[in-house]
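This report walks through a structure, from its salt bridges to its surface. Please keep the sequence and the 3D view at hand.

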Amino acid sequence: MFNFRHIFNRESLVVCVFLILFFPIIFLISSTFFNYNDSLAYIFENLIFDYSVNTLYLVIITSLFSLVFGIIPAWYISNYRFKGRKLIDLALYLPLSIPTYIMAFTYSEILSFTGPFRIKADLLQIEILGIILAFSLYPYIYSVSRISFSLFGSKYIDISKNLGLSGFKAFYKVVLPLSRPAIFSGLFLVIMEVLNEYGAVKYFGVNTYTIGIFRSWNSMNDTEAAIQLSSILLFIVMFLFFIERFFIQNKRYSFTENSKISLLSNISSKRVVWVYLSCLIPILLAFIIPVLFNLYNIFDNVDRIELKRLLHLTFNSVTVSLISSFLILILAIFFLFSEKLSKSRIYYYVNQFISLGYSIPGAVVALALIVFINSIDQSISSVNLLGTFLVYFFILIYAYLIRFLAVGKSPIKSSFDKQPETYDLSAKTLGLNNFKLFEKIYLPINKYSFFAALILVFIDIMKELPITLILRPFNFDTLATQTYEFAVEEMIPISSIYSFVIISICSILLIILKNYLDKNNVFRS
Amino acid sequence: MKNYLISILSVLCIVYSCDTNESNEINIYSQRHYEVDKKQYENFEQKTGIKVNVIKANADELLERLKNEGANSPADLFVTVDAGKLQKGAEMGLFQKINSDEINNNVSKELIDKNGYWIPITYRARILVYSNDRVMASELSTYEDLADEKWKGRILVRSSSNAYNQALMSSLYANLGQETVEKWSSGIVNNFARDPKGNDRDQVKAIAAGQGDIAIVNSYYIGLLLSSEKQQEVDAGNSVSVFFPNQGENERGSHINISGFAMTKNAPNKQNSIKLLEYLTSVEAQETYVNNSYEYPANPLVMPSEIVQSWGEFKIDELDLNKLGTYRNEAIKVFDKTGWK
């Protein structure tokens, strides 16, 4: 007898959901990738070298500073006892609440001739931009290093010291290599963010790959060339991505976690200053100064604040972020739980490709969706999809799903990975079906990571700019789009109240998340 | 009760069948992100009861969106700050001609689109500003002269990704031809005080900070700086003077560009849209424009704002503004070839 269950098994369901989600992107790339046209030839002859060099240079600078701002404080916070440690630990995460474009606009204003210091030198340089981007991106490195360092903590250091290594050498020779996979995954996010960055690089006059995509799409009116450039970028990213996976898989160290919570050592009085400096400088530059600057602007322009509009935009931002982040949470759990239930390689590949979604520039995702929906519209004449508020709202959320599913997946994935296989086996022996297995075992064990995923995605969508800018429905502004509009209109002081609300909401959520995870000992110390 | 409901329903049916499928609103795709626009639409809404909805984004993105939405687009009007983009949209077949005697009477003849696809509402000149301390007005003459070696290390301008620069280059291309314009571009790149970056106001600030002596900027930015509430910005504005290039007897005049509206091919609210354009070109609305955005009015009955008047009158380059779109790609290639970042 024909067996429906056989066809509609879990495997095909997962692949179907994946294809539906990512079809617009696949459609876009496949439709144009093999057309080598004149514009692309032109770009290759004249511009590609410049774009590549600039992109590479910016990526290197931002990565370097993100590593410095991230790793050093993470090390001290994880292993030493000093006054204000808990508060500093919390504050080190907070720059994550400031979008890169707000950071860049804020600093360009502070460092300009009309800023508070009347600086005469030209500080709109690629190196300065790299550092400014690192201000908002280093928390990606900090968070992964912090988890990694506190997992094996002082035990390895003690052994190394007993073997005669100095403190620095022990850190450099033992701890860093052991943490390499974790740090790499944080660094990967930083690099993706730099590749996606548009507003700040344009303002600083740095011609990166993304600028090239927009230039061929907008100025030269060549959508195909833009898509081809994005495809090339995508392939480079894929290459990096699989190298990283390969590298980590072959170098995965198996270290035993600390059986006891790592004991914090006291710092010698000689190094106290250094410890405080290395922890407080990132907080000061990446959080306190931008927040104070925004506050100053708000008080200076208090009579120009439109409270009603502010509330309205806050409502829009929160609604759209909330709906999308819940959907992403459900999808992420769906994909990862399916992978966990079966050993089939298909799930593995599907999940790898989902992670790549984060590397597609937001503008390309938006473009792909418009082209895709339009082709549905044209092929079915009775359907009139484009042109209504709800449809655009739906497309907007669809685009967020493509881009941010990877963000929601990563904390859940690492939590699932830590869960011993024996739990699943015992549950199955006891006769639990998959739903019960999820409800009784997975949900209670991994609820922290679900909460973390929800909040991280929410924050990312609150800050998101290019997709929202291109796909939002009529009269639908968000805090991010309003901030950007005032900023490009060269009215940064007026934009401050909107950026401040973004920063406040995201900071509060980060604080809640951090406290929640601390209380439940997810960070161990 | 039942009768009551039926009568309500029938009244509703009559009301809806009388509706000519035109709702009481207008949908605009806008590149203009000036605060004054919001004020204008609110005034219009108060006068007519017609609600104005706006989506703001980059002109090219909006055109792409219009193209993809095709006949289903909710948009009635498209407004941008560059005639080149309006020409591009017209060439893509996205617009319909606008026929209104009132609008045609409201705006200056020399600004009107020869093909009838778009309506200018304001215009701006891309001018030179120079340091009061380090440059004499008598040293300046034309855009072409900026390639001269005497300006080495002294010229400030933003990146070639910017539409204002692309329009300027297109106008030079149309007027001078490829060979001359490439030489000019190489010359000016040699004279740059620094790599192109920032926006127009940043170029003026850079003069104030002493990083360069001459900047190419849009006229209204100087008005905005001088009227700023921030003393540092007013100081920066006061450190420079305005110069209109190419004003000599046999010269063609300064390059200008317009802010203009086009009506989409399938505009669902055509009559309302024409009403809005009639209002925006009227004396009342034009005065609101000049006093808030420091642009020049499209309506010749209205005078520019006082600050702008103080710079004096100038001769405008009468090049067909549609050419700014026609030569766009060539202009970009000149930028790329000559290393104007």
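## A bridge between chains

Which side chains meet in a salt bridge with an N to O distance of 3.0 Å? They are those of Glu109(A) and Lys230(B). Glu109(A) sits in helix α6 of chain A, residues 100–110. Lys230(B) sits in a loop of chain B, between α9 (219–226) and α10 (231–238), so the pair joins two chains. The model is a predicted one.

How covered are the two partners? Glu109(A) has 8% relative accessibility. That is under 20%, so Glu109(A) counts as buried. Lys230(B) is partly exposed, at 24% relative accessible area.

## Salt bridges within chain B

Over all chains, the structure holds 30 salt bridges. One of them pairs the side chains of Glu144(B) and Arg252(B), at 2.9 Å from N to O. Both residues lie in loops of chain B. The loop of Glu144(B) runs between β5 (118–131) and β6 (155–156). The loop of Arg252(B) runs between β8 (240–243) and β9 (256–264). The pair therefore ties together parts that are 108 residues apart in sequence. Glu144(B) is partly exposed, with a relative accessible area of 26%.

Another salt bridge joins the side chains of Arg158(B) and Asp200(B), at 3.3 Å from N to O. This pair also links distant parts of chain B, 42 residues apart. Arg158(B) is in the loop between β6 and α6 (163–176). Asp200(B) is in helix α8, residues 200–208. Arg158(B) is buried, at 13% relative accessibility. Asp200(B) is buried too, at 0%.

Some salt bridges share partners. Through them, Arg309(A), Arg472(A), Asp477(A), Glu485(A) and Lys56(B) form one network. The network includes residues of chain A and Lys56 of chain B.

## Around Asn199(B)

Where does Asn199(B) lie? It is in the loop of chain B between α7 (178–190) and α8. Its relative accessibility is 9%, so Asn199(B) counts as buried. A polar atom of the Asn199(B) side chain lies 3.3 Å from the backbone nitrogen of Arg201(B).

Which residues does Asn199(B) touch, leaving aside those up to four places away in sequence? They are Tyr203(A), Glu490(A) and Arg158(B). Arg158(B) is also the salt-bridge partner of Asp200(B).

## Chain A as a whole

Chain A has 525 residues, and 58% of them are buried. Its secondary structure comes to 21 helices and two strands. Among contacts in chain A with a separation of 6 or more, 83% are between residues 24 or more positions apart.

The accessible surface of chain A is about 23000 Å². Carbon and sulfur atoms account for 69% of that surface.

## A nonpolar patch

Which residues make the nonpolar surface patch of about 380 Å²? They are Val273(A), Trp274(A), Leu277(A) and Ile281(A). Val273(A) is found in helix α12 of chain A, which spans residues 269–300.

Is Val273(A) buried or exposed? Its relative accessibility is 54%. The cut-off for exposed is over 50%, so Val273(A) counts as exposed.

How values were computed:
Residues numbered from 1 in each chain as written. Chains lettered and ligands numbered in written order. Predicted model: local features only at pLDDT ≥ 70, side-chain atom pairs only at ≥ 80, totals over all residues. Heavy atoms only, no water. Patch = residues over 30% accessible without salt bridge, like charges linked within 9 Å, V, L, I, M, F, W, Y side chains within 5 Å. Areas by Shrake-Rupley, 256 points an atom, 1.4 Å probe, with all protein chains shown as cover. Salt bridge = Lys/Arg side-chain N within 4 Å of Asp/Glu carboxyl O. Helix = DSSP H or I, 4+ residues; strand = E, 2+ residues; numbered from the N terminus. Buried < 20%, exposed > 50% of the residue type's maximum accessible area, 1.4 Å probe, protein only. Contact = heavy atoms within 4.5 Å. Polar contact = N/O pair within 3.5 Å; in protein donor to acceptor, adjacent residues only side chain to side chain.
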